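Morning, everyone. I have one structure to walk you through. Please take a look at it first.

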Amino acid sequence: MPDASAARPPDSADRRRWMGALARARTAELEAAWTGLAVRPSYAFLRAPETGLVLVRGRAGGIGAAFNLGEMTMTRCAVRPDFGTGSPRLTGLAFVAGRDHRHAELAAVFDALLQHPRYHAEVAAAVVAPIESRLARERQEATAQAAQTRVDFFTLVREQG
Amino acid sequence: MATGATLDLSDIGPGFGDPVAHAQSVFRLALDATAHPGRIVELPPGVLPVNTSGLADAAAAIALTLLDFETPVWLDGDLQAAGDYVRFHCGAPITADPKASRFAFLGGAGDMPLSAFDTGDIDYPDRSTTLLITVPSLTAGPELILRGPGIRDTTALRVDGIAGGFWTARAELAPLFPLGIDLILACGRQFAAIPRTTVVTGA
């Protein structure tokens, strides 16, 4: 590894969060963010976007035995941006639901940019933050809507005898 | 990833530029080579122009074509660096047990006795270990005479870098047929196959 401080381990909580946000972004959002970027590095595909199936496994209540929930369509992509000589060789990865190749490609590119100290702050503020706030807002709206229909059940227990 | 060591991707380069077309063309070459033991075939120029795997170009192309999550791979000592490449691009598990491997990549024949590999079982003789051996040359070296299915009379192949004892050990596996071990010899962008049915004699 060329520079341990710059390259983030793939399972760091930060990276997990931004990869999740990028995966849930709309392609149009990523496209707009990409064109709005001050410097757009060129990149090569380590693995061009490819669509396949993944088996989603679940656990009832998070404690039960694991079972196969079902298969879902997923597109994955790996890119290697060219940051110029002296920069760490970073790899951007994306796994997104559905079959939108462009979405996977842009998500992977942004994942690589976020690992680079020179781009991290800009991309985190201009790309990830708006996506995360939109996702939070949508979730809040859905929760609020669901809360309107909440019914509190009272169970009348028949007296024994 | 839930299991296995974390992959270090910083040294991994791209695989096939056009995965479907290139895998098909390499598969066709492997088929031709196996159907005509001793015939030297060569990767087309557009296939795998960049190879960062640490394997010979031909061996890497065959790996990208034939390996998947169901084919455990065993790597010779000096080819360990190819493990990450194989895991990333092929999704194949790396095993330390040669008997458990479906494909074994060797930098030359010598250290490893052939009996270390799997010859398949009688119900499924195809579930054997296929050896991909990288050799220094397929045209300059001790002459081998090949005969058997796929060869009209005899054909010659000059393989460098394989000790004579290897061919003796291989001949001892012949009575096990239909069990056996298939060989692919890779040199740069060329390769040749010697399947289990071929009889090899030294010159």
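Let's start with a question: does Gly36(A) count as buried or exposed? Gly36(A) counts as exposed, because it has 10 C-beta neighbours inside 10 Å. Here is the scale: buried takes 20 or more other C-beta atoms within 10 Å of a residue's own, exposed takes 12 or fewer, and partly exposed lies in between, with C-beta atoms placed from the backbone. Where does Gly36(A) sit? It is in the loop between helix H2 (27–35) and strand E1 (43–59) of chain A. Its C-alpha atom is 8.9 Å from that of Ala126(A), a residue 90 positions away along the chain.

Some ground rules. This is a predicted model, where local features need pLDDT of at least 70, side-chain atom pairs count only at pLDDT 80 or more, and totals for chains, interfaces and linings use all residues. Residues are numbered from 1 along each chain as its sequence is written, while chains are lettered from A and ligands numbered from 1 in the order in which they are written.

How confident is the predictor? pLDDT is its confidence in each residue, from 0 to 100. Chain B averages 92, and 96% of its residues score at least 70. For the complex, the ipTM is 0.77 and the pTM is 0.84.

Now chain B. It has four helices and nine strands. Those are DSSP runs numbered from the N terminus: helices are H or I with at least four residues, strands are E with at least two. The radius of gyration, taken over C-alpha atoms, is 16 Å.

Next, two helices of chain B. H1 (residues 19–35) and H2 (residues 57–66) pack at about 110°, with axes 9 Å apart. Axes are lines fitted to C-alpha atoms over the stretch in contact, and angles run from 0 to 180 degrees between N-to-C directions. So H1(B) is roughly perpendicular to H2(B). The cut-offs: under 35 degrees is roughly parallel, over 145 roughly antiparallel, 65 to 115 roughly perpendicular, and the rest oblique.

Which residues touch? H1(B) brings Ala23(B), Val26(B), Phe27(B) and Ala30(B), and H2(B) brings Ala61(B), Ile62(B), Leu64(B) and Thr65(B). Contact means C-beta atoms, placed from the backbone, within 7 Å.

Conventions: Two residues are in contact if their C-beta atoms, placed from the backbone, lie within 7 Å. pLDDT is the predictor's confidence in each residue, from 0 to 100. The radius of gyration is taken over C-alpha atoms; the globule rule is 2.2 Å times the number of residues to the power 0.38.
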